[in-house]
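Please walk through the model below with attention to side-chain contacts, charged pairs and helix packing.

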Amino acid sequence: HATAGSLYQMVNRSCRGYTTHVKGSIFDRKRLLFAACVLAGLLSVGIYLTMYQTSDAFTTLARCIESAPMTSQSFACVQQNVRAVLQDMPAADLMQKVERELPKKCHYIGHIIGKEIFHQSETVENAFLACGPGVCSRACIHGVTGEALFSAGGLLASPEELQHPSIDVLRDIGEQFCAQDGTCHAVGHALYTLFSDIPRSLKMCDEISSGKSAGMCYLGVFMENNSFIFDNTEMGPQTAKPFVESENLLYPCNIVESRYRPSCFQFLFLDIQKSLGSSPGADEGNIRDAHRKTCESLSDQRDRKACFNGFGWGLGSGLSSRQTLAPAEAQQICDRERTSDRIACTFGLSNGMVDMGRGWDPVSDRCASLDEMDLKEACYKGAFTAFHDRGEAYESTCDAIPDTVCKQSLESFISNPNDIPLPLLYEL
């Protein structure tokens with residue numbers, strides 16, 4: 001208020017000074033000019049204060065995450081400030097700002113933005129449109145989906161229903177959302193939140209989806225197992241229990257049927273971080289080596305490729321390290337593996353970089369610098385797949401790239417973008 005008053009006085013003095021020097025003006029013209037000047041000045045003050053308040057709310061939002069990273073304790077604080085920012089900033093713009101300034105917290109915050117947008121929109125479709133492009137792995141869209149699902153049919157009307165939701169209601173609305181890959185992934189998150197059980201959640205994925213959508217639903221289940229994004233943003237205090245064993249780093253991937261394992265391996269690095277992160281002397285290098293050795297222990301080539309794809313995705317997204325690695329440094333880690341593992345790791349690295357908003361230029365520079373043709377193709381296709389899944393245009397990405405492999409890989413990908421059903425990396 002003090003700032004607004006000071007700015008008003010400044011505008012008033014400036015405008016009086018301006019109209020005093022209007023030569024040959026009659027009184028009415030001077031009064032009109034003065035009024036117009038004051039109006040323009042006050043408009044500028046309003047814009048300034050709005051920008052200031054929005055910036056202040058966003059700064060507080062960032063502090064919420066720093067004080068209690070991605071837990072139910074930070075939820076109320078983040079939600080309050082998300083609401084404040086959304087009063088003056090469209091959700092799509094806020095998502096891009098979060099991805100740019102808080103990339104490692106973007107998916108968690110995006111869920112909360114989606115939750116808020118759902119209640120501000122008349123329809124789910126309008127909420128999806130408000131979210132904009134699939135920034136931060138479609139986090140806003142996932143938040144909308146989760147809130148819509150949990151709000152349907154009184155699924156969460158009582159603690160008993162939380163443990164034993166109406167299967168018919170869940171199946172009906174789940175089928176609707178699983179018509180699209182991105183929203184079906186969010187359904188997987190919700191299923192694990194409701195059931196607190198991986199096998200049961202995966203079975204429900206099979207009932208309500210098929211093909212790539214089913215794979216995305218599986219991904220949501222396994223991601224929720226180690227991140228509790230829905231549990232912390234929808235339910236408040238954590239209710240589900242993680243499927244993690246410090247003695248067996250393949251768990252839970254080794255207890256599920258073969259068709260589920262590739263999706264499980266995509267986020268195995270998060271399970272390993274949970275298992276080893278509290279161990280005495282544990283550091284990022286040791287945890288990364290443990291992940292690599294776990295992937296190398298797999299004899300099934302399909303599982304092994306999926307495991308190294310997840311290994312690369314963790315490096316590229318920056319989620320497997322406190323400090324995001326430079327592209328060249330991350331590629332060096334992939335390059336330590338044998339050829340097929342290196343290809344899978346390189347694909348995941350590019351996919352993770354684009355998926356988490358690190359941009360096309362550093363990815364394309366790294367791809368062009370690679371010597372082996374198979375590595376180049378995997379590098380480019382990993383990026384194209386992420387652009388496709390984010391809903392962003394990528395058809396002209398190679399126009400300014402002198403590397404001919406970029407255009408060849410792009411043409412191959414455009415002819416069948418679902419040829420590589422990420423993360424089910426079987427035939428790369």
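In this predicted model, Thr-183 touches Phe-128, Ile-141, Thr-145 and Phe-177, if neighbours within four places in sequence are left aside. Thr-183 belongs to helix H10, which covers residues 181–195. Its relative accessible area is 3%, under the 20% limit, so Thr-183 counts as buried.

The charged pairs come next. Side chains of opposite charge can pair when their charged atoms come close. Over the whole structure, a search finds 13 salt bridges. One of them joins Glu-147 to Lys-115, with 3.1 Å between the closest N and O atoms. Glu-147 sits in helix H7 (residues 135–151) and Lys-115 in helix H5 (residues 106–120), so this pair ties together parts that are 32 residues apart in sequence. Are the two partners buried or exposed? Glu-147 is buried, at a relative accessible area of 8%, and Lys-115 is buried as well, at 10%.

Another salt bridge is formed by Arg-171 and Glu-207, whose closest N and O atoms are 2.8 Å apart. Here too distant parts of the chain are linked: Arg-171 is in helix H9 (residues 167–177) and Glu-207 in helix H11 (residues 198–208), 36 residues apart. Arg-171 has a relative accessibility of 23% and counts as partly exposed. Glu-207 is also partly exposed, with a relative accessible area of 36%.

Asp-303 and Arg-261 meet through their side chains in a salt bridge with an N to O distance of 2.7 Å. Asp-303 lies in helix H17 (residues 301–317) and Arg-261 in helix H14 (residues 261–266), so the pair links parts of the chain 42 residues apart. The relative accessible area of Asp-303 is 5%, and this residue is buried. Salt bridges also link Asp-206, Glu-257 and Arg-259 in a network.

The remaining topic is how helices pack. Two packed helices are described by the angle between their axes and the distance between the axes. Helix H4 (residues 91–101) and helix H5 have axes that come within 10 Å and cross at roughly 170°. The limit for roughly antiparallel is an angle over 145 degrees, and H4 and H5 are therefore roughly antiparallel to each other. The crossing of H4 past H5 is right-handed. On the H4 side, the contact is made by Ala-91, Leu-94, Met-95, Val-98 and Glu-99, and on the H5 side by Cys-106, Ile-109, Gly-110, Ile-113 and Ile-117. By class, the residues of this contact between H4 and H5 are 8 nonpolar, 1 polar and 1 charged. Helix H5 is also the helix that holds Lys-115, the partner of Glu-147 in H7.

H19 and H21 cross in a right-handed sense. H19 contributes residues including Arg-342, Ile-343, Phe-347 and Asp-355 to the contact, while H21 contributes residues including Asp-374, Leu-375, Phe-387 and Arg-390. What classes do the residues of the contact of H19 with H21 divide into? They comprise 9 nonpolar, 5 polar and 5 charged residues.

Key: Residues are numbered from 1 along each chain as its sequence is written. This is a predicted model: local features need pLDDT of at least 70, side-chain atom pairs count only at pLDDT 80 or more; totals for chains, interfaces and linings use all residues. Side-chain values use heavy atoms; hydrogens and water are left out. A salt bridge is a side-chain nitrogen of Lys or Arg within 4 Å of a carboxyl oxygen of Asp or Glu. Helices (H or I, at least four residues) and strands (E, at least two) are DSSP runs, numbered from the N terminus. Buried means under 20% relative accessible area, exposed over 50%, partly exposed in between (1.4 Å probe, protein chains only). Axes are lines fitted to C-alpha atoms, for helices over the stretch in contact, and angles run from 0 to 180 degrees between N-to-C directions. Angles under 35 degrees count as roughly parallel, over 145 as roughly antiparallel, 65 to 115 as roughly perpendicular and the rest as oblique. A crossing is left-handed if the near helix is turned anticlockwise from the far one by less than a right angle, and right-handed if clockwise. Contact means heavy atoms within 4.5 Å. Ala, Val, Leu, Ile, Met, Phe, Trp, Tyr, Cys and Pro count as nonpolar, Asp, Glu, Lys and Arg as charged, and the others, Gly among them, as polar.
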